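Please open the model in a viewer and keep the sequence panel beside it.

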Amino acid sequence: MAKSERQKLVEKHSQLNQSDNLKVVSHVQREEKDSDWIRHTIMLEGIDVPFIYRRKQQYQSLKGARVNVTYYRHVEDVAGIEFETMKVVRIKRS
């Protein structure tokens, strides 16, 4: 059986995680300052950490959709306080 693209990614990068069939409860798209990128932030059902990715353009809202997502954990230190986010590498509708 041939390995899928996501299986190859997860095996190659040990920090990557894969979750399937998760429901999107919130999807916010906003322009980044001094950039032509759009920052997408999604919240998934049962998970209290935002999933963030960037695209060159806006997309149809994923709110209510089920998605498969490949991501890794990212921690930012802001004024001495740690903020956890998930940096999305790949996202697809289930």
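Helices (H or I, at least four residues) and strands (E, at least two) are DSSP runs, numbered from the N terminus. This is a predicted model, in which local features need pLDDT of at least 70 and side-chain atom pairs count only at pLDDT 80 or more, while totals for chains, interfaces and linings use all residues. Residues are numbered from 1 along each chain as its sequence is written, and side-chain values use heavy atoms, with hydrogens and water left out.

**The whole chain.** Begin with a cartoon of the protein chain, which holds 1 helix and 5 strands. Read from the N terminus, the elements follow the order α-β-β-β-β-β. Of the 94 residues in the chain, 30% are buried; buried means under 20% relative accessible area, exposed over 50%, and partly exposed in between (1.4 Å probe, protein chains only).

**The barrel.** Next, colour the strands separately. They form a closed barrel of 5 strands in the order S1-S2-S3-S5-S4, with mixed pairing. From one strand to the next, the twist averages 45°; axes are lines fitted to C-alpha atoms, for helices over the stretch in contact, and angles run from 0 to 180 degrees between N-to-C directions. Two strands count as paired if DSSP finds at least two bridges between them.

**S1 and S4.** Select residues 17-31, strand S1, which is joined to S4 by 5 bridges in the antiparallel sense. Leu22 has Val67 of S4 as its bridge partner. Then select Asn68, also in S4, the strand of residues 66-78. Asn68 counts as buried because its relative accessibility is 18%. Its side chain reaches the backbone nitrogen of Asn21 at 2.9 Å, a polar contact, that is, a pair of N or O atoms within 3.5 Å; within protein, one must be able to donate a hydrogen and the other to accept it, and residues adjacent in sequence count only if both atoms are side-chain atoms.

**S2 and S3.** Move to residues 38-44, strand S2, which pairs with S3 in the antiparallel sense over 5 bridges. His40 stands opposite Tyr53 in S3. The two strands form a hairpin with 6 residues between them, and Gly46 in the turn has a positive phi of about 80°.

**S3 and S5.** Which way do S3 and S5 run, parallel or antiparallel? They run parallel and are joined by 2 bridges. Phe51 stands opposite Met86 in S5. Now select Ile52, in strand S3 (residues 51-55); with a relative accessible area of 14%, Ile52 is buried. Ile52 and Met86 are 34 residues apart in sequence, yet 6.1 Å apart in space from C-alpha to C-alpha.

**Two loop residues.** Select Asp34 in the loop between S1 and S2. Asp34 is not a glycine, but has a positive phi of about 50°; at 85% relative accessibility, Asp34 is exposed. In the loop between S4 and S5, select Ala79, another non-glycine residue with a positive phi of about 50°. The relative accessible area of Ala79 is 78%, so Ala79 is exposed.

**Last stop.** Finish at Phe83 in strand S5 (residues 81-93). Phe83 is partly exposed because its relative accessibility is 43%. Show a surface over Val78, Ile81 and Phe83, which make a nonpolar patch of about 270 Å².

Key. Patch = residues over 30% accessible without salt bridge, like charges linked within 9 Å, V, L, I, M, F, W, Y side chains within 5 Å. Areas by Shrake-Rupley, 256 points an atom, 1.4 Å probe, with all protein chains shown as cover. Salt bridge = Lys/Arg side-chain N within 4 Å of Asp/Glu carboxyl O.
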